[in-house]
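Hello,

Here is the structure I am handing over to you. My notes on what was found in it come after the sequence and the model.

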Amino acid sequence: MRHIISILIENESGALSRVAGLFSARGYNIESLTVAPTEDPSLSRMTLVTRGSNEIIEQITKQLNKLIDVVKLIDLAESSHIERELMLVKIRTTQDSREEVKRMVDIFRGKIIDVTPNSYVIEMTGQSNKLDAFIHGFEAESIIEVVRSGPTGISRGEKGLHL
């Protein structure tokens with residue numbers, strides 16, 4: 001099962017490498033990882049996506065909690081949450097295909113953020129399966145480049161990851 005683990009971590013050099021080292025030392029895979037500062041400049045929020053059984057995820061969270069840099073963490077899969085992913089995709093266009101690409105972007109509620117004579121760069125957010133469906137709507141040779149952030153998430157309601 002896929003788990004999104006949200007971690008409040010000290011905003012210090014080496015914190016990210018200690019978390020990554022914990023995963024590599026135990027042979028666990030990180031599917032995606034994002035880190036950004038929070039409203040408190042001394043803390044960063046790390047969002048980590050991994051897969052594993054409940055026992056493996058429990059072991060991962062216990063090990064993460066032992067790291068000195070980790071202040072608090074939550075497994076978003078354990079409660080109701082909202083998740084989104086950001087994707088930038090560069091699509092090859094021709095004079096004939098431009099309108100069809102624009103229609104697809106509108107259907108999927110994306111945004112064209114760059115236009116050249118032969119391509120569009122499209123920004124899209126949503127759940128991973130929505131982004132996958134958008135990509136699959138094009139011929140493989142039409143897609144020049146895809147950049148994805150990986151999922152990030154937040155708890156619904158009053159519950160949250162804060163001190």
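**Salt bridges**

R2 has a relative accessibility of 24% and therefore counts as partly exposed, the class between buried (under 20% relative accessible area) and exposed (over 50%), taken with a 1.4 Å probe and protein chains only. Please note that this is a predicted model, in which local features need pLDDT of at least 70 and side-chain atom pairs count only at pLDDT 80 or more, while totals for chains, interfaces and linings use all residues. Residues are numbered from 1 along each chain as its sequence is written, and side-chain values use heavy atoms, leaving out hydrogens and water.

Side chains of opposite charge can pair when their charged atoms come close. Searching the whole structure gives ten salt bridges, each defined as a side-chain nitrogen of Lys or Arg within 4 Å of a carboxyl oxygen of Asp or Glu.

R2 is part of one of them: its side chain meets that of E83, at 2.4 Å from N to O. Because E83 sits in strand β5 (residues 81–92) and R2 in strand β1, this bridge ties together parts that are 81 residues apart in sequence. Helices (H or I, at least four residues) and strands (E, at least two) are DSSP runs, numbered from the N terminus. E83 counts as buried, at 11% relative accessibility.

Strand β5 also holds K90, which is bridged to E145 in strand β8 (residues 143–148), 55 residues apart. The N to O distance in the bridge between E145 and K90 is 3.6 Å. E145 counts as partly exposed at 41% relative accessibility, and so does K90 at 27%.

A further bridge joins the side chains of E123 and K111, at 3.6 Å from N to O. E123 belongs to strand β7 (residues 119–126) and K111 to strand β6, so this pair ties together parts that are twelve residues apart in sequence. E123 is partly exposed at 27% relative accessibility, and K111 is partly exposed at 48%. Separately, salt bridges link E85, D132 and R148 in a network.

**Overall layout**

The protein chain contains four helices and nine strands. Along the sequence they come in the order β-α-β-β-α-β-β-α-β-β-α-β-β. The C-alpha trace spans about 60 × 35 × 30 Å along its principal axes. Of the 163 residues in the chain, 39% are buried. A contact means heavy atoms within 4.5 Å; among contacts with a separation of 6 or more, 73% are between residues 24 or more positions apart.

**Nonpolar cores**

A nonpolar core is a set of buried Ala, Val, Leu, Ile, Met, Phe, Trp, Tyr and Cys residues joined through side-chain atoms within 4.5 Å. The largest one has 16 residues, and I7, I9, V19, F23, I60 and L64 have the most contacts inside it. Two or more residues each come from β1 (2–10), α1 (15–26), β3 (43–51), α2 (54–66) and β4 (70–75). Helix α1 gives the largest share, four residues. Another core, of 15 residues, lies apart from this one and includes V101, V105, F108 and F138.

**Aromatic pairs**

There are three aromatic pairs in the whole structure. Rings of Phe, Tyr and Trp (its six-membered ring) pair if their centres lie within 6.5 Å; planes under 30 degrees apart are stacked, over 60 edge-to-face, and the rest tilted. F23 and Y28 have ring centres 6.4 Å apart and planes at 75°, so they are edge-to-face. F23 is buried at 1% relative accessibility, and Y28 is buried at 19%.

The pair of F108 and F134 is also edge-to-face, with 5.3 Å from centre to centre and 75° between the planes. F108 is in the loop between α3 (98–107) and β6, and F134 is in helix α4 (residues 128–136), so the pair ties together parts that are 26 residues apart in sequence. F108 counts as buried at 18% relative accessibility, and F134 counts as buried at 0%. Ring pairs link F108, F134 and F138 into a cluster.

**One backbone angle**

R109 is not a glycine, yet it has a positive phi of about 60°. R109 lies in the loop between α3 and β6 and counts as exposed, at 74% relative accessibility.

Regards
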